[in-house]
Amino acid sequence: MQISKKLKLIVALTILEISITVFSALEIAKGAKFHQLNFLHLKHYTHFSELLLSIENGRPIVTHEIKSAILNIKQQPIECIEQINILNKIVMRAINTIDALDICIKDIKDADSALTSLSKFNDNEVNKTQLLADLTYALKAFKTNSDDFESPINKTVSFLLTTLIPLVILISIFNIIFITYLSRTISSSIKDLTTILWSKPEDNLNLEDSLEKHTSSELKELMTAARNRIKKELFNLENSKELQAIVNEKTISLRKANEELSQFAYRTSHDLKSPLSSAKALAQFISLDIDQGDLLEAKSNANKISQQMTKLETLVVDILLLAQADIGSNKQLPIDFDAMVVDMTERLSWLRKDNPCSIDINISLSRVISSEQIRFSQIIENLISNSLKYYDESKASPYVKLDIFDNDESIFINISDNGIGIPQEYQREVFSMFKRFHPNKSNGSGLGMAIVKKHIDYLNGTITFESSSQGTLFKIIIPMTT
Amino acid sequence: MDKKHPPVLIVDDSEIDRYILKRLLKESGLDLTIFEKIDGKEALEFFEDYEENRKKYPDLYPPILIFLDINMPRVDGIEFLETFSHLRKYIQVDSCVIIMFSSSERKEDKEKIMAYDFVKDYVVKGSLTAEELKEKIMSVTLLV
């Protein structure tokens with residue numbers, strides 16, 4: 001049986017018990033009421049008897065006084081009849097005490113005939129003697145009625161006491177036993193469930209089966225709801241942890257980006273301002289040189305201004321390239337690497353002039369690569385121009401070598417040289433912005449490798465290098481989806 | 001030490017900036033001996049080889065004044081100052097003071113730099129005339 005049904009049954013039994021107890025109490029109280037009414041009847045009878053005696057002794061007849069005394073007597077049987085309900089009648093018939101009711105009816109009739117006699121006397125239909133005889137008769141009848149009434153009422157009341165009180169006690173005992181039993185069954189099913197839940201997972205290979213066998217349907221429902229709720233809460237908890245982790249990660253990367261940006265802004269403004277202040281000073285010197293007639297010095301200073309302006313131009317171009325490297329374009333076009341390399345070597349002709357390096361290019365691709373050409377072009381151009389700038393004058397045949405090849409997943413770009421190499425202590429800063437490690441040789445913006453790194457990050461690729469005084473090898477791997 | 005040609009050191013990676021400073025010094029009329037180093041690393045080596053350089057430049061070493069750039073490859077101006085402040089405990093350079101000579105002046109860098117007692121001034125490139133430069137040099141060194 002379900003727990004809720006058991007609880008409902010307990011409530012119903014309790015209500016029944018209370019009802020029977022209250023009913024019994026009321027019925028027993030009714031027995032007392034009958035006795036009380038009979039006592040009252042006797043009292044009014046005494047009053048009526050005294051009144052009659054005083055009339056016989058010569059007191060004048062006051063009809064309304066007599067009428068009131070009779071009506072007082074009549075009141076008790078009326079009330080008594082009102083008290084008796086159908087159930088009482090059945091019980092009284094069963095125990096043979098129903099004549100109490102007849103006595104009441106007879107009493108009322110006796111009162112009525114006395115009242116009739118009194119009204120006849122009023123209408124002068126009977127004389128005083130007749131009236132007194134009628135009233136005396138009624139008086140005797142009232143006395144007889146009261147006496148007769150006592151016995152069946154006593155019998156009825158004692159019957160009620162001997163039946164209802166044991167009944168109430170019996171029902172109470174039954175209720176106590178039955179309710180105790182029901183409570184036990186409820187608490188034991190809860191205990192069983194608790195035991196199942198406390199058991200170690202290995203003792204209880206199949207929780208579902210155990211629940212099926214040992215728990216009532218309501219507890220099963222409770223368990224299912226609880227499990228679902230817990231699952232949901234755990235899921236939410238995991239979710240919120242995940243979110244927190246994402247927020248932390250983003251915060252760190254934003255902070256890093258912010259620091260990078262602030263460093264970038266500082267270095268950019270510095271590097272932009274530097275050639276301008278130099279040019280300003282040089283222009284003043286030129287003016288002085290001309291005044292002093294030193295045209296050679298003036299010319300030399302004009303050349304210096306020109307160099308500074310070239311430096312500025314390179315820097316501005318590189319800053320723009322770096323900014324664009326962060327912006328994606330959807331131009332996924334087939335790349336003609338051969339043509340790209342030819343264009344690039346032409347663009348680097350200014351660097352190749354007076355440069356002894358040979359450039360060896362091997363392109364071996366199994367398929368057409370579609371991507372953003374400009375990124376590949378800038379990666380390769382920056383690395384090759386570095387190799388050209390930092391060649392080793394002491395070596396017999398300086399070279400730069402470019403290999404481009406692929407497999408099913410990736411494209412590989414290797415750029416190697418036998419140049420002066422990147423000093424060991426600066427290798428971790430290779431991809432930082434505005435870093436140059438060869439003060440005598442560098443004339444770039446210090447942004448080239450940062451541009452390369454940005455492009456490779458954008459393409460989800462990797463770049464690694466090995467460098468020593470023997471030379472440098474950069475290895476780039478960029479995943480290619482087919 | 002030769003009082004007529006007091007030695008100064010210019011540390012700057014930009015050849016043009018070194019030229020500009022040299023020219024300003026020349027126009028200021030101060031008769032100086034000028035050493036040039038292209039970054040902090042070379043400048044530190046110049047002081048690390050103290051004994052050797054004393055012999056090499058008997059009357060001109062160590063310099064009495066360093067013009068120091070900040071943004072340089074390898075060892076920058078700030079890193080130079082850090083190492084130089086340790087170096088000063090081991091070599092006799094008490095009379096050597098520094099004037100910063102840079103294109104920029106970032107507040108946090110400047111505070112850090114000016115905390116060294118041997119850094120006497122901070123000059124922004126292109127902000128001084130030869131005459132003003134002369135006055136600054138005179139005020140931070142004992143040149144008369």
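This report walks through a predicted model with chains A and B.

## Chain B in outline

Chain B has 144 residues, and 38% of them count as buried. Its secondary structure amounts to 6 helices and 5 strands. Along the sequence these elements follow the order β-α-β-α-α-β-α-β-α-β-α.

The strands of chain B build an open sheet of 5 strands. Their order across the sheet is β2-β1-β3-β4-β5, and the pairing is parallel. β2 (33–37) and β5 of chain B are the edge strands, each pairing on one side only. On average, neighbouring strands are turned by 20° against each other, direction ignored.

Strands of a sheet pair through backbone hydrogen bonds, either parallel or antiparallel.

| Strand pair | Sense | Bridges | One partner pair |
|---|---|---|---|
| β3(B) (residues 65–68) and β4(B) | parallel | 4 bridges | I66(B) and I98(B) |
| β4(B) (residues 97–102) and β5(B) (residues 119–124) | parallel | 5 bridges | F101(B) and V123(B) |

Strand β3(B) deserves a look of its own. In a regular strand the side chains alternate between the two faces of the sheet. In β3(B), L65(B) and F67(B) point one way. I66(B) and L68(B) point the other way, and all four are buried.

Most residues other than glycine have a negative phi, and most peptide bonds are trans. Y61(B) and P62(B), however, are joined by a cis peptide bond, with omega about -5°. P62(B) sits in the loop between α3 (50–56) and β3 of chain B.

## Helices against the sheet

β3(B), helix α4 (residues 77–87) of chain B and β4(B) form a right-handed β-α-β unit. Another right-handed β-α-β unit consists of β4(B), helix α5 (residues 107–114) of chain B and β5(B). β4(B) therefore takes part in both units.

Helix α6(B) lies across β3, β4 and β5 of chain B. Its direction is at about 170° to β5(B).

α6(B) also meets another helix. Two packed helices are described by the angle between their axes and the distance between the axes. For α1 (residues 15–28) and α6 (residues 130–140) of chain B, the axes come within 8 Å and cross at roughly 80°. From α1(B), the contact uses L24(B), E27(B) and S28(B). From α6(B), it uses A130(B), E131(B), L133(B) and K134(B). By class, these residues are 3 nonpolar, 1 polar and 3 charged.

## Where the chains touch

How many residues does each chain bring to the contact? Chain A gives 21 residues and chain B gives 17 residues. On the chain A side, α7 (217–292) and α8 (295–325) each supply at least two residues. The largest share comes from α7(A), with 11 residues. The side of chain A that touches chain B has 7 nonpolar, 10 polar and 4 charged residues.

## Loop residues of chain A

N124(A) has a positive phi of about 60°, although it is not a glycine. N124(A) lies in the loop between α4 (99–122) and α5 (128–198) of chain A. N124(A) counts as exposed because 7 other C-beta atoms lie within 10 Å, and the cut-off for exposed is 12 or fewer.

D354(A) is not a glycine either, and its phi is positive at about 60°. Its place is the loop between α10 (349–352) and β2 (358–364) of chain A. D354(A) is exposed because it has 6 C-beta neighbours inside 10 Å.

Is S397(A) buried or exposed? With 8 C-beta neighbours inside 10 Å, S397(A) is exposed. S397(A) belongs to the loop between α11 (373–389) and β4 (399–406) of chain A. S397(A) and N418(A) are 21 residues apart along the chain, and their C-alpha atoms are separated by 8.6 Å.

Conventions: Residues are numbered from 1 along each chain as its sequence is written. Chains are lettered from A and ligands numbered from 1 in the order in which they are written. This is a predicted model: local features need pLDDT of at least 70, side-chain atom pairs count only at pLDDT 80 or more; totals for chains, interfaces and linings use all residues. Two residues are in contact if their C-beta atoms, placed from the backbone, lie within 7 Å. Ala, Val, Leu, Ile, Met, Phe, Trp, Tyr, Cys and Pro count as nonpolar, Asp, Glu, Lys and Arg as charged, and the others, Gly among them, as polar. A residue is buried if 20 or more other C-beta atoms lie within 10 Å of its own, exposed if 12 or fewer, and partly exposed in between; C-beta atoms are placed from the backbone. Axes are lines fitted to C-alpha atoms, for helices over the stretch in contact, and angles run from 0 to 180 degrees between N-to-C directions. Two strands pair if DSSP finds at least two bridges between them.
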